Amino acid sequence: MPAPPPTNAVFTTMSSKAYGMLAVLCGALFLDALDVSMKGVALPAIGTSLDMSTSTLQWVITGYVVGFGGFLLLGGRAADLLGRRRMLLASLMVFVIGSTIGGAAPNGEVLIAARFVTGVGAAFSAPAGFSIITTSFAEGHIRNKALAIFTATGATGMAFGMVIGGLLTDLDWRWVFFAPSVVGLAAFLGGLALIPRSPRPEGGAKDFDILGAVTITATMVLVVFTLVQAPEVGWASARTLGSLVAAALLLVVFTAIERKVDKPLVRLDMLRSPALVRANIAAMSLIGAWIGVLFTMTLYFQDYRGWSAMETGFAVSPVGLVAAVLSTRIAAPMVGRFGVERVVLAGMTSAVLAYALLQFLTADSSYAALLLPAFLLIGLGFSLAYGPLTMAAADSVPVADQGVAAAWSTPRSRSVRRWG
């Protein structure tokens, strides 16, 4: 095997090595992005096979969300302090192991536990992969192009997850878990060969804010768990309100800790960055609206129209197809010509027009006349807005904090925060 690239290399051109590394990172993101959507299609088959009730079956998704949302910030800082390549490879193996156990699960309890482990693995891999891109590609056109490809992969994975899930469920629902294991293992082997080694971060583990990490992870796990349980137990129930109060107290404790330690887990002044805040609010609005529409469309196609899971997946696939084709072709050039704000505004406008069009949806609406144009507009909205928003978030954060910033800027983190 040839010697690895220089440990402090920054790609200033899209060389073969740069494309190779980007392919691995896109593979890892694609794996994360399609996970929840493809599992959703398989839920009825899983429930029948493992004799799981409807209330228990939801934990196949919820278990993943709790693991991902709860450990996401910790995963971001671990990438900054312990090494981004190292954390990505380790977390990919955790993901592979969790998915394999899930596919072989003999009962619902084992499956839910495996989903939690898989979510934790994704919480460490997502920010590590994102921050490798933002620290390996030189700021400007090259980084923007890499991020456009990366975010297009995420949008494609989310949209095509239902199609892939439908195909695999028709074979056997367990392949919905085994297939990601194979992809994850391929990404791990590709990462070993194609992601350049980097020097150990100064300080490393000895600078890790253990107390802050424990406190914020407990806070996030409690918040995510409370939000996903609130619709079932009641938003005004003592359990929900008590959990939210406890989470607020833990957050106060975490803030106090971060103000006192020399090397905080999160530099609080980073949260005052207007560019980072604006980018995340806009991206949460964009992808949050799509997650809600995707859920509604799933019920609409299958309950009202009587379509199969596979037909439903193909019906919404134009969103991912448009995003995959156009994100890499128009986002970066348009940002260079018109600036981030104008391109994002055009993308958000396209999405708003799509959702306005969907207000006319009825039980017998024409797919070609109403739904397809709406899905194409949503895909165009993602193509124009999502990549530039990610670029803006990355450019506003120092290199040393790219991992923790990525915990708030990756496609999966935004969708899970909104889904919860």
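**Helix packing**

I looked up how helix α3 (residues 59–82) packs with α5, and found an angle of about 35° with the axes 6 Å apart; the axes are lines fitted to C-alpha atoms, for helices over the stretch in contact, with angles running from 0 to 180 degrees between N-to-C directions. The model is a predicted one, in which local features need pLDDT of at least 70 and side-chain atom pairs count only at pLDDT 80 or more, while totals for chains, interfaces and linings use all residues. Residues are numbered from 1 along each chain as its sequence is written, and side-chain values use heavy atoms, with hydrogens and water left out.

The crossing of α3 past α5 is right-handed, a term that applies if the near helix is turned clockwise from the far one by less than a right angle. I then sorted the contact of α3 with α5 by class, which gave 20 nonpolar, seven polar and one charged residues. Here Ala, Val, Leu, Ile, Met, Phe, Trp, Tyr, Cys and Pro count as nonpolar, Asp, Glu, Lys and Arg as charged, and the others, Gly among them, as polar. Helices are DSSP runs (H or I, at least four residues), numbered from the N terminus.

**V66**

Within helix α3 I picked V66, which counts as buried because its relative accessibility is 6%; buried means under 20% relative accessible area, exposed over 50%, with a 1.4 Å probe and protein chains only. Leaving aside residues up to four places away in sequence, V66 touches W59, F116, V221, V224, F225 and V228, where contact means heavy atoms within 4.5 Å. I also noted 9.8 Å between the C-alpha atoms of V66 and V117, which are 51 residues apart along the chain.

**D51**

Last, I looked at D51, in the loop between α1 and α2 (54–57). D51 has a positive phi of about 55° although it is not a glycine, and it counts as exposed because its relative accessibility is 71%. Most residues other than glycine have a negative phi.

Notes. Helices (H or I, at least four residues) and strands (E, at least two) are DSSP runs, numbered from the N terminus.
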